[in-house]
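The tour below goes from one selection to the next and says what is found at each stop.

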There are 2 protein chains.
Amino acid sequence: MTTVRGARARARIEITAAIKDEARTQLAAEGAAKLSLRAVARELGMVSSALYRYFPSRDDLLTALIVDAYDAIGAAAEKAASETAGQRPLDRWTAVCRAVRAWAVAHPHEYALIYGSPVPGYSAPQDTIVPASRVGLVLIETARGAHTGEGVALPPLPEGLRPEAARLAADIAPDLPPALAVTLVAAWSQLFGLISFEVFGHFHNIVEDREAFFAAAARRLGQDVGLLPRG
Amino acid sequence: MTTVRGARARARIEITAAIKDEARTQLAAEGAAKLSLRAVARELGMVSSALYRYFPSRDDLLTALIVDAYDAIGAAAEKAASETAGQRPLDRWTAVCRAVRAWAVAHPHEYALIYGSPVPGYSAPQDTIVPASRVGLVLIETARGAHTGEGVALPPLPEGLRPEAARLAADIAPDLPPALAVTLVAAWSQLFGLISFEVFGHFHNIVEDREAFFAAAARRLGQDVGLLPRG
DNA sequence: TCACAATCAAGAGCAGTGCTCTCATTTCAT
DNA sequence: ATGAAATGAGAGCACTGCTCTTGATTGTGA
């Protein structure tokens, strides 16, 4: 399938990668707003129009970077999950959260690209939806481990949320109780609320020891989804 | 102080407001990335260089819009708080949260300007920090109502978070127990995690009944900060 | 009242951007 | 070997933020 047919195909792959690399460098240095196709081409010793043979537009380049960023932060989450395979669910949960945060803090501009204001259009391209779900899937999987077998005490669902909860659970995790599925999705978004506030500077002059603050909040999020401190 | 000295000063105020209005219109229509000084000037029947008499740069115009957006969402929160003055703390809390969300959903691009990726530089200008704190202050005030007098059961702080919690509480709410102050700040950021995920499209194909979902999550956040369902 | 200074609009212009088009060259499959 | 497809280079268009100069309008102190 992905066998390299000839020198030309090989070159195309390499140049595409080089373009993405240089773009990522500029992204990390100056942010998405100042990422310039011409500057990327200039740095690579080619003329700007040549770059359009590889990416049909600036937004397509950005989309490629978005996909890569989703994959990178998803891989970080998966790595933390697999490295804590035998441990208690709550510890695994916090380990995953801390890994996600660590990636975000280390790559603020790439993080802003995927969890900040949507820049290209309003609807995310099709290619991004699978990579975008990786962190969420890890969280679901981590929580699932604690809920196989017996049920855990979760607050009852409000009447009006019943149908939505059932639909949502059937969609993302049919084997889990609806109340848990809802809580998981909420915890998922709240996790990124914590991270975004730190990365985007809203904790400036407010939270100093961000590491400890986040660890405690993430742990509490884990308890919210039914992971017990001991057991 | 703000007395209008003459016709010229009056005109300056009016033109400045007109520029901001037109800029806000373009922001709402196309987003911050496509906000163009030249287009604003064109729409106002003036030449682009004239606009620089009122805003020294594009970033300064954006900063003015940022301040206005913080003020608007802060006012929405304060309105909800004052309109529910006599009610139970948990109901007030959810009312405030829903008002904040409603403003965000109604003004997605302005919301993205203040809670999305920071666009101008990395450090927010001085003028923004006071308006930026309004929503947070309302949340603190709402929670304070339930904690005057007796204490409410809050999970104990982890050992490592003790000093940070004390410092943080002394900073933002010296009369509240440190554990509550920490939880409040976490809930604050998690609230915007919920809203950002909705506004930025991360709930696409996942959460359908966003209204009910948010109401339940916000209520739960209120319980996290110690507001009791009954009482 | 009048002259001077501050303020302001207009226009030209600069450097930069994303993107398109044409044209020559190179590579590949037949 | 030949025709088709892929690639690179260059010119050019419309747009951007921003600066500078010029001339007109407005406010103010002697």
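Contact here means heavy atoms within 4.5 Å. The model is a predicted one.

**Stop 1: a histidine in chain B**

Select B:His202, then show everything that touches this residue. Leaving out residues up to four places away in sequence, the partners of B:His202 are A:Tyr70, A:Ile114, A:Tyr115, A:Trp188 and B:Phe197. To place B:His202 in the fold, colour chain B by secondary structure: the residue sits in the loop that runs between helix H10 (178-199) and helix H11 (210-224).

Is B:His202 buried or exposed? Its relative accessibility is 13%, and buried means under 20%, so B:His202 counts as buried. Now draw a distance from the side chain of B:His202 to the backbone oxygen of A:Ile114; the value is 3.2 Å.

**Stop 2: chain A as a whole**

Chain A has 11 helices and 0 strands. The C-alpha trace of chain A spans about 60 × 50 × 40 Å along its principal axes. Chain A has 231 residues, of which 48% count as buried. Among contacts in chain A with a separation of 6 or more, 70% are between residues 24 or more positions apart.

**Stop 3: the two domains of chain A**

Colour residues 1-55 of chain A as domain 1 and residues 66-224 as domain 2. The C-alpha centres of these two domains of chain A lie 32 Å apart. Where they meet, 8 residues of domain 1 are in contact with 4 residues of domain 2. Between them, the two domains of chain A bury about 500 Å², and 60% of this area is on carbon and sulfur atoms.

**Stop 4: DNA strand C**

Bring chain B back and select DNA strand C with the protein around it. How many residues surround DNA strand C? There are 23, and the closest are A:Leu37, A:Arg38, A:Arg42, A:Arg58 and B:Ser49.

Zoom in on the phosphates of DNA strand C. A backbone N or O atom of A:Leu37 is 2.7 Å from a phosphate oxygen, and a polar side-chain atom of A:Arg42 is 2.6 Å from a phosphate oxygen. Then turn to the bases: a polar side-chain atom of B:Arg38 lies 3.4 Å from a base oxygen of DNA strand C. Two or more residues of the surface near DNA strand C come from each of H1, helix H2 (37-43) and H3 of chain A, and from each of H1 and H3 of chain B. By class, that surface near DNA strand C holds 9 nonpolar, 6 polar and 8 charged residues.

**Stop 5: DNA strand D**

Select DNA strand D in turn. Its surroundings comprise 22 residues, with A:Arg53, B:Leu37, B:Arg38, B:Arg42 and B:Arg58 the closest. Of the DNA strand D atoms within 4 Å of the protein, 49% belong to sugar or phosphate and the rest to bases.

- From a base oxygen of DNA strand D to an N or O atom in the side chain of A:Ser49: 2.7 Å.
- From a phosphate oxygen of DNA strand D to an N or O atom in the side chain of A:Tyr54: 3.0 Å.
- From a phosphate oxygen of DNA strand D to a polar backbone atom of B:Leu37: 2.7 Å.

Finally, colour the residues of the surface near DNA strand D by class: 9 are nonpolar, 5 polar and 8 charged.

Note on methods: Residues are numbered from 1 along each chain as its sequence is written. Chains are lettered from A and ligands numbered from 1 in the order in which they are written. This is a predicted model: local features need pLDDT of at least 70, side-chain atom pairs count only at pLDDT 80 or more; totals for chains, interfaces and linings use all residues. Side-chain values use heavy atoms; hydrogens and water are left out. Helices (H or I, at least four residues) and strands (E, at least two) are DSSP runs, numbered from the N terminus. Buried means under 20% relative accessible area, exposed over 50%, partly exposed in between (1.4 Å probe, protein chains only). A polar contact is a pair of N or O atoms within 3.5 Å; within protein, one must be able to donate a hydrogen and the other to accept it, and residues adjacent in sequence count only if both atoms are side-chain atoms. A residue is near a molecule or strand if one of its heavy atoms lies within 4 Å of it. Ala, Val, Leu, Ile, Met, Phe, Trp, Tyr, Cys and Pro count as nonpolar, Asp, Glu, Lys and Arg as charged, and the others, Gly among them, as polar. Domain bounds come from an automatic or database domain assignment. Buried area is the accessible area (1.4 Å probe) that two parts lose on being put together, summed over both.
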